[in-house]
Amino acid sequence: MSLIVNNVVSASSNISYSYLANSEIFGYVISLTYEIKIQDVQFDNNDGVLLSGRSALRAAYKQRNITARIAGDEILNGLITSLSFPEGSLNGEEIAQVQIEERRRLSDYSSKSFSKYIPSPHLLADFSENYNFQRSGSTYSYSRSISIQYNQDIGNQFLTNAKVFLTNYYYENRPSIGYYEDGISENAKFDKGYNGVLTEEIDLINLSVSLEENFESSFIDAANNVSKIIKTSEGISQRGYLTKDITIDLTALRLDSSNVLESAMGTVIDEVISNETSFGDPHTISKGISKDNNKASVTISFSTDPELSQNQSVTYSCSKQKNGNFTDYSLQVNYKSKGKNVSNRYNKTIDLWESQRDNNESKITSLFSEAVNIYEKSRSANISRSEGTISETIVYTDQSDYDSESLDDGILKYQITVSKDQKVPRSRKIVDIKNLKEKLLTSSLETLGKATVTATVVASPDYGQFFGKEYLLNASREADMNNALEETTYYGVSDQISIDMLNGATTRVIQYIIA
């Protein structure tokens, strides 16, 4: 945008240099003051419109930078800082006062230690930097902030200039700041190149950019680009076993925090497990990442409790109680396996359960010496797929009716019981009308007898819930029940079957009349 002035009444100029802390020079400013005749002023707004007079000066005043030729002066990137018109009737000749500033680069910045790295340093209006650090306990932190403000934005370049400086120089070239040698401070100095949390603020109106970096760390693990705080707690569980929990708080020291933390957590877990050989493998590992503040936490728990520490465990408890003339032994067995996922853990637990089931009876006999001949009475199992556990309860008895070795496959118990109302000679009471005394009249015939035969079968749940019913309905089982009567003439009057799903038992009851 060009301003052309031919008729200058008077002109003056002044040169001043811009310094940072009175030592680092950024450029110089030429301040020009003119008194010009308005009639000879022209302004081209680059849109094909040529203005003149007051309109030309007012349009030029609104621009952030102009190109001007005023008398013999050439201004390439000027800024009109002041414009005033005299009072008048707006007729005839008028003289306006114009003040223009142009910021110019030095011919050479090679000898400068700082300003040579920032684009267009001569256009800066303000430059400031603050830094502080502190060490408290196991935590080290620092904050670093910088603010850059430009006077002019030539060609909409101030954001690009600020970005070039912050990324290519300021962020990549850090001073060796951090004076203590205390195990953390010397390892987290500025020049180590670790990254904190960045906050950026841009003001498009005032042409300023602010950047603040807040860094926090503890003990530095340079190989994994993290800092970490390790906390350990030891104790005794309610079951009386030793426990140990190790918590590691991680802070990522690189911008790609998610990748850094994921990698570091795997390394940290391996290191802790290899160091805690006295406890074996951990029973629980929990971890979490907070992406917003570049932090993660890992907790690894150990225990001497075999239910928790072993990859596979079988634990059991046993009790006995009297049941009439017999003794029942109740055995509860818990199976547990570890795996890399739910499916793998579940399959391992099933394999463990199937491989150990034949050892259940020996657990009873090893605890109770009198349990010489025992038989399985009932069995139930609870399987948790998500937890990878199986809890099985088995009841044994010394009642020989449950001896399944002589029974068909799938039958754990087969028992027949009989109750009878025996036949008796028929008789009836009469009154002798001669002497009015009661007399008993008897006959060689007998009354009808009654009998109830109950067959009970306990079947293995592996054969299905109706296997016991099908077994009792077999003709051979009905023959067994008829033979249990030990009668020659009998008639069946009712036949009922009931199923006890909870205990896996099926009962058939036949009622007879005995002639």
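Contact here means heavy atoms within 4.5 Å, and buried means under 20% relative accessible area, with exposed over 50% and partly exposed in between (1.4 Å probe, protein chains only). Helices (H or I, at least four residues) and strands (E, at least two) are DSSP runs, numbered from the N terminus. The model is a predicted one, in which local features need pLDDT of at least 70 and side-chain atom pairs count only at pLDDT 80 or more, while totals for chains, interfaces and linings use all residues. Residues are numbered from 1 along each chain as its sequence is written, and side-chain values use heavy atoms, with hydrogens and water left out.

Back to α5 itself. The buried set consists of R345, T349, I350, L352 and W353. These residues cover an arc of only 165 degrees around the axis, so they sit on the same side of α5; the arc is taken from the directions from the helix axis to the C-beta atoms. D351 and E354, on the other side of α5, are exposed. At the start of the helix, a side-chain oxygen of N341 comes to within 3.3 Å of the backbone nitrogen of S343.

Y335 is buried, at a relative accessible area of 1%. Leaving aside neighbours within four places in sequence, its contacts include T349, L352 and W353, along with V314 and I390. The C-alpha atoms of Y335 and V314 are 4.8 Å apart, although 21 residues separate the two along the chain.

Elsewhere, 5 strands make an open antiparallel sheet, ordered β13-β14-β15-β17-β16; two strands pair if DSSP finds at least two bridges between them. β13 (219-221) and β16 (284-290) each have a single partner strand, so they stand at the edges with one side left without a neighbour in the sheet. Neighbouring strands are turned by 25 degrees against each other on average, direction ignored. Helix α3 (residues 257-275) packs on this sheet, touching β14, β15, β16 and β17 (295-303), and its direction makes about 155 degrees with that of β15. Axes are lines fitted to C-alpha atoms, for helices over the stretch in contact, and angles run from 0 to 180 degrees between N-to-C directions. Within the sheet, 11 bridges join β14 (residues 226-236) to β15 (residues 242-252), with I229 partnered by D249.

How values were computed: A polar contact is a pair of N or O atoms within 3.5 Å; within protein, one must be able to donate a hydrogen and the other to accept it, and residues adjacent in sequence count only if both atoms are side-chain atoms.
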